[in-house]
Amino acid sequence: MRLFKAILLLMLVVSIIPTVMVGWLSVSHTRELLIRDAQELAQERVKQLRLKAERFLEDPTEMVVGLSSVPGGFFTLPRDTQRSHIAAVLNQRQEVLALTVFSADKQRQPGLQAFAVHDMAPSAVAEHEERARALLNAGLTGVRYSDVVASPGGGGPVVTLAFPVGDPVQGYMAADLTLAGLRQMLAQERVGSTGFAYLADRHGRLITGGGDLGAVGEDVSKRTPLAHLIKQREGTPDTELFHVGNFGEGRDAVVAAYSVLPEAGWAIVSEQPVEHAYRQVETMERRILAGLGGAILVALVLAAIFSRNLTQPLKTFMATSLELARGKFGVEVNLRQKNELGELAQTFNYMSKQLLAYDMETRGLYESLEKGYLETIVALANSIDSKDAYTRGHSQRVGDVAVEIGRELKLTERELRQLQYGGILHDIGKIGIVESILTKQSRLTDQEMATMREHPAIGDAIIGPVTFLGPVRACVRHHHERWDGTGYPDKLKGESIPLLARIVACADTFDACTSTRPYQKAMPLEKAMEILDNLSGAQLDPKVVLALRAVLAQRGVRLEGHRQPVKLAS
């Protein structure tokens with residue numbers, strides 16, 4: 001029951017999930033409201049800027065256009081009166097830099113051109129007249145504005161307007177208007193701490209504005225709000241456009257709004273980086289997240305307190321189970337709780353003790369079985385040695401020496417056991433060799449030698465059906481292979497000969513040298529090693545020969561007629 005209560009209490013702590021959901025919904029809803037407020041603010045700002053820009057443009061334009069509606073008609077007035085009207089316009093509106101009157105055939109009227117001497121250089125007058133003629137040649141039905149250019153004197157951007165006078169047309173008027181005041185107004189217009197507003201023509205070239213956008217005429221059509229506007233105007237060129245939203249991605253993302261001045265076709269754009277426009281959103285999110293973090297922290301503390309009594313025993317069970325899985329049978333869980341976990345610990349301890357008993361019983365059976373296997377192997381080897389008194393004990397000694405060499409070569413215990421069996425059984429195939437050849441006291445004939453060389457293959461065939469001796473077959477079949485590839489039965493060469501077979505071959509040759517045979521007496525240890533050194537690299541693996549020398553120098557091996565291991569002299 002206590003475990004059930006602990007789990008129930010932990011589930012109650014999970015009530016932080018609804019709290020998080022409510023907090024997330026609050027953040028989401030409030031974020032939408034604040035984003036909408038920021039965009040509405042940008043929208044209102046652009047509307048105000050558009051009104052100001054239109055007023056800057058309309059006031060001087062209306063003053064210039066007013067010349068066409070003077071009483072009696074401008075072109076019917078005396079020349080002096082015409083000059084007076086033109087001078088009055090330049091004096092009353094500082095935005096008007098130059099004013100030129102053209103005839104119906106688009107020729108400049110002598111004496112009807114005036115310009116602000118202090119604000120406009122004579123060279124700029126020619127440029128003014130050139131822009132005016134370009135507008136006249138384009139065909140005029142009303143007031144039309146040219147592209148904005150930079151004033152040579154640095155007074156700010158300048159635009160030329162032209163319009164026809166009378167119906168039918170009696171002539172034309174053209175004027176240069178400075179946008180210096182508009183430039184000053186936009187430069188002072190701050191959008192937050194890093195935003196700005198600017199004015200661009202229908203081609204996406206900069207007219208004026210704040211920010212580091214470049215000079216008048218700079219191409220700003222790649223800026224995402226303006227690019228969006230240009231694309232919209234391609235589809236609906238005559239529509240009065242207005243838009244607000246997020247533009248761009250990553251660090252270039254901005255909250256922007258744009259609108260179009262219908263008379264001139266200019267775009268007024270307000271931009272502010274998203275990270276600054278939505279700063280209130282981030283502040284609100286941080287506060288809500290801080291509150292949620294506090295609630296979650298309290299919940300986590302409670303969960304830690306109430307779950308510790310549940311998780312600590314489970315950790316003990318895990319650690320003990322891992323020991324049990326690694327073979328440490330009999331290990332117990334020391335748990336004093338009087339609940340379901342305590343009962344589970346008692347059951348686990350009983351199981352561990354039973355596994356220990358079964359393991360001990362299994363180990364005994366395995367040792368008995370392995371002992372029986374070894375006795376069978378030794379009996380097979382003895383059946384061979386019994387045919388030839390001179391080779392008695394040879395197989396056992398080869399197995400012992402092979403194990404010592406393998407131990408020097410850092411082989412595993414399993415490989416050392418295979419070497420022991422392989423050394424004992426390496427000549428098992430001699431059972432299939434006729435006794436007359438096996439016990440012959442003199443040198444064998446070529447035919448007899450060929451028959452004798454069949455014993456590795458015969459031995460391989462004998463132990464092949466015995467499953468547990470599978471790894472030993474290489475020792476039996478290949479212990480007469482030579483390092484240079486001239487051995488038998490398969491003429492294997494170098495490291496293509498299995499390592500265990502190379503070790504048995506070295507141990508076999510060593511015991512042959514240190515045992516008494518019909519055709520030779522047992523050699524001293526030093527003489528035997530001298531012969532093995534000569535065979536190294538031709539018949540025997542040099543690495544294995546060096547390992548045997550190290551064994552003889554350090555531990556020694558048991559030789560025929562010796563009860564104690566014999567070592568090489570240091």
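Hi everyone. Let's start with helix 16, which gives the most to the lining of the largest cavity, with three residues. Please keep in mind that this is a predicted model.

What is this cavity like? The structure holds one cavity of 30 Å³ or more, and about 50 Å³ of space lies in the largest cavity.

Which residues line the largest cavity? You can find them on your screens: His-478, Glu-481, Arg-482, Trp-483, Ile-497, Ala-501, Arg-502, Ala-505, Gln-539, Leu-540 and Asp-541. By class, that lining divides into five nonpolar, two polar and four charged residues.

Now let's stay with helix 16 and look at its neighbours. Take helix 11, residues 413–425, beside helix 16, residues 499–513. Their axes are 10 Å apart, and the two helices pack at an angle of about 50°. Because of that angle, helix 11 is oblique to helix 16. The crossing of helix 11 and helix 16 is right-handed. Who meets whom here? From helix 11 come Glu-415, Gln-418, Leu-419, Gly-422 and Gly-423, and they meet Leu-500, Ile-503 and Val-504 in helix 16. Sorted by class, the contact of helix 11 with helix 16 has four nonpolar, three polar and one charged residue.

Next comes helix 10, residues 394–408, which packs with helix 16 at an angle of about 125°, their axes 8 Å apart. Helix 10 and helix 16 are therefore oblique to each other. Their crossing is right-handed. On the helix 10 side, the contact is made by His-394, Arg-397, Val-398, Val-401, Ala-402, Ile-405 and Gly-406. On the helix 16 side, look for Ile-503, Val-504, Cys-506, Ala-507, Asp-508, Phe-510 and Asp-511. How many of these residues fall in each class? Nine are nonpolar, two are polar and three are charged in the contact of helix 10 with helix 16.

Helix 10 also packs with helix 18, residues 542–554. Here the angle is about 100°, and the axes are 9 Å apart. That angle is why helix 10 counts as roughly perpendicular to helix 18. Val-401, Glu-404, Ile-405 and Glu-408 of helix 10 make this contact with Val-544, Ala-547, Leu-548, Ala-550, Val-551 and Gln-554 of helix 18. The contact of helix 10 with helix 18 divides into seven nonpolar residues, one polar and two charged.

Let me finish with some details of the backbone. As background, most residues other than glycine have a negative phi, and most peptide bonds are trans. Pro-168 sits in the loop between strand 5 (157–165) and strand 6 (171–178).

Another cis peptide bond runs from Tyr-488 to Pro-489, and its omega is near 10°. You will find Pro-489 in the loop between helix 15 (473–478) and helix 16, so that brings us back to the helix we started with.

And what about phi? Lys-106 has a phi near 70°, which is a positive value in a residue other than glycine. To find Lys-106, go to the loop between strand 1 (96–103) and strand 2 (108–115).

Definitions and conventions: Residues are numbered from 1 along each chain as its sequence is written. This is a predicted model: local features need pLDDT of at least 70, side-chain atom pairs count only at pLDDT 80 or more; totals for chains, interfaces and linings use all residues. Side-chain values use heavy atoms; hydrogens and water are left out. Axes are lines fitted to C-alpha atoms, for helices over the stretch in contact, and angles run from 0 to 180 degrees between N-to-C directions. Helices (H or I, at least four residues) and strands (E, at least two) are DSSP runs, numbered from the N terminus. Angles under 35 degrees count as roughly parallel, over 145 as roughly antiparallel, 65 to 115 as roughly perpendicular and the rest as oblique. A crossing is left-handed if the near helix is turned anticlockwise from the far one by less than a right angle, and right-handed if clockwise. Contact means heavy atoms within 4.5 Å. Ala, Val, Leu, Ile, Met, Phe, Trp, Tyr, Cys and Pro count as nonpolar, Asp, Glu, Lys and Arg as charged, and the others, Gly among them, as polar. On a 1 Å grid over the protein atoms alone, a cavity is a set of points where a 1.4 Å probe fits but cannot get out, and a pocket is an open set with protein on both sides within 12 Å along at least five of seven lines; lining residues have an atom within 4 Å of a point. Grid points are joined across faces, edges and corners, and a volume is the space filled by probe spheres set on the points.
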